[in-house]
Structure formats: C-alpha cells, structure tokens
Amino acid sequence: MSTLAVARAAYREALPAIALSAVGGLLAGVVLSGARGQFGRVDGLLIVLPALLATRGNVYGTLGARVATGLHQGLIEPTLGGESDRLGVLIATALASGLLASAFAAVLATLATVALPGPQAPLTTLAAIAVLSGLLSGLVLGVLVVAVAVVGYRNGRDPDTLVGPVVTTAGDVFGVAFLVVAVRVVLAAEGG
Amino acid sequence: MPTVWRPQPILRATLPLLAVLTAVEIGSGVVLESFEETLLARPSLFVLVPVVIGTAGNLGSVLAARLSSAFHLGRISFAPDDETLAGNAVATVALAVTAFPLIGAGAWVMAVLTGGAGLAPGTVVFVATVSGTGLAVLTVAVTVVATYVAYRLELDPDDVVIPAVTNVCDVLGVVTLYVVVTLAL
C-alpha cells in the first residue's frame with residue numbers, strides 16, 4: 001500500500017471513535033465548566049483532575065480488554081445474569097485498583113501543593129473527593145463496560161473495538177459528573 | 001500467557017504501572033493549576049480542557065494500537081521511507097486538523113449556551129486548532145519513539161506502549177494548550 005492509501009484507511013477507521021470521544025469530552029467540559037466555582041473552593045482539585053480522568057481510562061480500558069479476551073477464549077459466558085464469578089472478580093479488582101490510584105493521586109497532588117508556592121491542598125478533603133468519585137464512576141463504568149462487551153459479543157461484534165471508544169467517552173462524562181457530585185457531598189459533609 | 005482470574009495477581013501486575021501513570025498525570029495537573037485563573041475567567045477555554053486531554057490521548061492510543069499491530073504482523077521497518085509508518089503519521093495529523101476546529105467551535109457554542117464564553121469564537125477555534133495540530137505532531141513523535149524502543153528492547157508494544165503513550169499525550173495536551181493560550185491571549 002502507498003503512504004496515501006495507508007493514511008486514508010487509517011483516517012476512515014479512526015474518525016468515528018475520535019468524533020464520539022470528542023462529543024463526550026465536550027459534554028464533560030460543560031459539566032466541568034458549570035462547576036467552576038468548586039475549583040476555587042478546594043485547592044489542588046485542578047491538579048488531581050487529569051489523574052482522576054486518566055485512571056478511568058487506564059483501569060476500565062484494561063477491564064474491557066480482559067473481558068474481551070475472556071469472551072474470545074470462551075472463559076467468560078456472554079450473559080449478564082450475575083452467575084459468572086469471573087466477571088465479578090474482574091469488576092471488583094478494577095474497582096479496587098481505581099480506588100487505590102485515586103487515593104494515590106490525592107496524596108501526590110497534596111505533595112505537589114506543598115512543593116509549589118500557594119496554599120496547601122487539604123489532604124483529607126481531596127482524598128475523600130477522589131475516592132468517592134472513583135467509587136461512583138467506577139461502579140457505573142464497570143457495569144457499562146462489561147455490558148457493552150457482553151452484548152456486543154452476543155451480537156457478533158468484536159468487543160475489543162467497541163470497548164475503547166465507550167470507555168473514553170463514558171469515562172470523561174461520568175468521571176467529571178461524579179467528581180462534581182463528590183465535591184458537593186464532601187464539602188456538605190464537612191459543613192462547608 | 002495464562003489468563004488470571006484472582007484479584008491479587010492482577011493487582012500485582014497492574015498497580016505499579018498505574019502508580020507511574022498517575023504520577024505522570026499529576027504533572028499535567030500542575031500545569032493546569034498554573035493557568036487556573038485564565039481558565040476560570042474564560043469558560044470556553046475551561047470547556048476545552050477535558051476534550052483536549054481526551055482527544056490527545058485517543059489520537060496517541062489509536063496510532064499506538066495500529067503501529068503495534070503492524071509490528072506484530074511484521075509490516076513495519078522503522079526506515080524513513082516506511083509507508084505504514086508515514087501513512088499512519090499523516091492520518092493522525094489529518095484527524096487532528098479535522099477534529100480540533102470543530103472541537104473549538106463546539107466548545108465556544110457550549111460555553112455560550114451555559115452562561116457565556118468569555119472569548120470571541122475565532123479565538124477559541126484558533127486556540128483549539130493550533131494546539132490540536134501541534135499536539136498531533138508531538139503525538140506522532142512520542143508514539144513512534146515509544147514503539148521503536150519497545151521493538152529494540154523486544155517488549156510487546158501492546159503491554160507498555162499504549163498506556164505510556166496515552167498518558168504522556170494527556171500531559172503534552174495540557175502543556176500545548178498552556179503554550180498556545182499564553183501566546184494567543
């Protein structure tokens with residue numbers, strides 16, 4: 001194939017996924033922008049934001065890849081009835097690693113504010129927000145990713161190509177939405 | 001490699017990389033924080049943040065996945081006249097040039113609908129397009145270098161290159177946005 005033919009094929013193949021995730025990203029941006037006021041109230045929230053959004057992709061993208069491989073190998077039954085221990089183990093493991101990564105991000109963000117000029121981030125507030133938003137978005141994303149992979153597989157689609165765009169799009173939207181929810185809940189609980 | 005179904009081995013295999021990636025992303029958070037006031041004062045730029053981060057990572061992961069498959073199929077040589085390499089690089093830049101002007105326009109419209117953009121539409125489209133195109137060029141460079149390093153070290157690019165490229169491109173996305181915003185405003 002010539003360079004141009006390769007480029008044309010690669011462009012056509014990737015455009016739908018890029019367009020879908022761009023729409024998701026814009027929606028996430030609107031939710032984020034609507035909550036601008038919160039970023040002035042919690043120091044370090046903007047520092048932790050990219051890490052929290054990336055964790056959704058890193059953790060649930062991996063979950064999707066594992067479920068897809070399990071389906072291809074016939075090790076996971078393509079049903080959503082809850083009778084599969086393996087699906088439960090995979091979702092619970094993803095949730096655990098997502099929560100650990102979120103808490104770690106809060107600790108690193110606090111350390112960054114200690115090293116940089118400006119106010120120090122409140123570690124407990126930031127960690128509570130990171131873990132709560134990780135839990136809420138993780139439950140939704142875990143179930144969504146498994147459902148998309150299983151239903152896609154049953155309908156003759158390759159779950160590997162479905163999961164990527166779904167994780168990036170839903171990860172941004174739910175990641176930001178539940179972050180905003182978590183900020184409100186944690187600030188209200190602290191009497192702020 | 002046998003598939004593992006118990007939590008402990010999965011966590012042992014994935015947590016170290018996840019910790020490194022989280023630390024990389026904190027770097028992009030520090031850059032974001034450094035122009036927080038500019039972002040908060042101009043909602044159309046704030047709307048751009050997740051979509052620029054996300055699209056950058058996606059362009060990188062699509063390119064990395066394609067180069068990785070070409071690598072497994074023996075269709076890539078890393079020579080300067082390699083058509084698979086050049087074609088995929090051209091496609092990545094073309095995708096960015098298509099997507100980012102629309103993303104800029106979309107961000108401006110969304111900001112206007114939700115209470116005011118804070119900037120002229122032309123400025124937002126300009127910022128999105130210039131940062132997106134610059135980012136695509138950086139993405140190609142990072143992905144090709146990472147895939148080449150994996151190839152030389154005889155690592156499977158699927159395991160390492162895609163997560164590394166996705167997260168490094170997130171950081172480059174924020175840095176590029178910062179540079180373009182600083183120059184344009």
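This note sets out, point by point, what can be read from the predicted model of chains A and B.

1. Overall make-up of chain A. Chain A holds six helices and zero strands, and along the sequence the pattern reads α-α-α-α-α-α. The C-alpha trace of chain A spans about 55 × 50 × 30 Å along its principal axes. Of the 192 residues in chain A, 55% are buried. When contacts in chain A between residues at least 6 apart in sequence are considered, 79% of them join residues at least 24 apart.

2. The nonpolar core. The largest nonpolar core has 129 residues, and the residues with the most contacts inside it come from both chains, namely A:Val48, A:Ala105, A:Val145, A:Ala149 and B:Ala107. The element that gives the most to this core is helix H3 of chain B (residues 43-72), with 17 residues. For one of the residues with the most contacts inside the core, A:Ala149, the partners can be listed: leaving aside residues up to four places away in sequence, A:Ala149 touches A:Gly64, A:Val67, A:Ala68, A:Leu71, A:Pro159, A:Leu162 and A:Val163.

3. Helix H6 of chain A. This helix covers residues 159-189 and includes A:Thr168. H6(A) bends by about 25 degrees at A:Gly171, and the helix is followed by A:Gly191, whose phi is positive, near 80 degrees.

4. The setting of A:Thr168. Because A:Thr168 has 28 C-beta neighbours inside 10 Å, it counts as buried, the cut-off for that class being 20 or more. Its contacts involve both chains: not counting residues up to four places away in sequence, A:Thr168 touches A:Ser21, A:Gly24 and A:Gly57 as well as B:Gly54 and B:Asn58. By contrast, A:Thr168 and A:Ala112, which are 56 residues apart in sequence, have C-alpha atoms 27 Å apart in space.

5. The setting of A:Ala115. A:Ala115 has its place in helix H4 of chain A, which covers residues 85-115. With 9 other C-beta atoms within 10 Å, A:Ala115 is exposed, since the exposed class takes residues with 12 or fewer. The C-alpha atoms of A:Ala115 and A:Val42 are separated by 17 Å, and the two residues lie 73 residues apart along the chain.

6. The contact between the chains. Chain B contributes 58 residues to the contact, and chain A likewise contributes 58 residues. On the side of chain B that touches chain A, at least two residues each are supplied by H1, helix H2 (36-41), H3, helix H4 (83-113) and helix H6 (157-184) of chain B. Among these elements H1(B) gives the most to that side, with 17 residues. The residues of the side of chain B that touches chain A divide into 35 nonpolar, 16 polar and seven charged.

7. Helix H1 of chain B. Helix H1 of chain B runs over residues 7-34, and its 28 residues, at 1.5 Å a residue, should span 40 Å; the C-alpha atoms at its ends are 39 Å apart, which agrees with that expectation.

Methods
Residues numbered from 1 in each chain as written. Chains lettered and ligands numbered in written order. Predicted model: local features only at pLDDT ≥ 70, side-chain atom pairs only at ≥ 80, totals over all residues. Helix = DSSP H or I, 4+ residues; strand = E, 2+ residues; numbered from the N terminus. Expected span 1.5 Å × (residues − 1). Core = buried A, V, L, I, M, F, W, Y, C linked by C-beta atoms within 7 Å. Contact = placed C-beta atoms within 7 Å. Nonpolar A, V, L, I, M, F, W, Y, C, P; charged D, E, K, R; others polar. Bend = angle between axes of the 7 residues up to and from the residue.
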